[in-house]
Amino acid sequence: NYNGLFNLTMEERYSESKADINDKYYKKLTTLNSLDMESLQSSQDAMHLAGNIYAQNCAACHGKDAKGQDVFPNLTDDDWLWGDKPEQIKHSISFGRNAVMPAWGGPLGEEGTTKMAEYIKSISSKTDDDEKHASSKQKYQMFCLGCHGLAKQGNVMLGAPNLADDIWLYGDDIESIKKTIASGRRGVMPAHKDRLSDLQIKLLTAWLKRN
């Protein structure tokens, strides 16, 4: 509870330092706002700054190398749940995302969930057998088609993942897939519009697109 000598606190020093950095440093870089994505990506200074922004605000979840960890997605591959266009990435950073995978364990039952998991796994591994998975294909039409699509390639408008590739956020073993189907998933990306400036978001978007 000690406020420090002359009522000086670490919180006040931090706020003052942050404001000083914003005033003296970022204001000098406002010319970057006029540059397009390619120009930013070709600027070593801009990308160095963007890398620092990532390290301070994103690395805790997505890893120092941006390749993801635990249930946080890899940001260096070509698999983007909500789209890989600059405006889509900027929206994800600014306003966050909320992904919902409904729980289908009740309607499918234990056996149905296991068969569906095996079917979904076969789609990814390109070992789909029409006869073996006939019943699961019918249930896919009922429960999964609306989000993941007829071609099983997902929907960026809903954040529904592509089931036909070999990229798995929650694990690709049968038990993990069964858990996803039975209990559903809740993925949350927090909004950063009140934490980062427009310039910082623009730089971070350019850095992510380059990586």
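A nonpolar core is a set of buried Ala, Val, Leu, Ile, Met, Phe, Trp, Tyr and Cys residues that are joined through side-chain atoms within 4.5 Å. The model described here is predicted, and its largest nonpolar core has 22 residues.

**Nonpolar cores**
- Within the largest core, the residues with the most contacts are Y54, L203, L204 and W207.
- Helix 3, helix 5 (86–95) and helix 10 each supply at least two residues of this core, and the largest share, seven residues, comes from helix 10.
- Leaving aside residues up to four places away in sequence, L204 touches A50, I53, Y54, C58, I93 and L196.
- Another core, of 12 residues, lies apart from the largest one and includes A117, Y140, C144 and I177.

**Helix 3 against helix 10**
- Helix 3 (residues 44–57) packs with helix 10 (residues 198–210) at an angle of about 100°, their axes being 8 Å apart, which means that helix 3 is roughly perpendicular to helix 10.
- Helix 3 brings A46, M47, L49, A50, G51, I53 and Y54 to the contact, while helix 10 brings Q200, L203, L204, A206, W207 and R210.
- By type, the residues of this contact divide into 10 nonpolar, two polar and one charged.

**Cysteines**
- The structure holds zero disulfides.
- The sulfur of C58 has its closest cysteine sulfur in C61, 8.5 Å away, which is too far for a bond, since a disulfide needs the two sulfur atoms within 2.5 Å.
- C58 is buried, with a relative accessible area of 13%, whereas C61 is partly exposed, at 32%.

Technical notes: Residues numbered from 1 in each chain as written. Predicted model: local features only at pLDDT ≥ 70, side-chain atom pairs only at ≥ 80, totals over all residues. Heavy atoms only, no water. Axes fitted to C-alpha atoms, helices over the stretch in contact; angles between N-to-C directions. Helix = DSSP H or I, 4+ residues; strand = E, 2+ residues; numbered from the N terminus. Parallel < 35°, antiparallel > 145°, perpendicular 65-115°, else oblique. Contact = heavy atoms within 4.5 Å. Nonpolar A, V, L, I, M, F, W, Y, C, P; charged D, E, K, R; others polar. Buried < 20%, exposed > 50% of the residue type's maximum accessible area, 1.4 Å probe, protein only.
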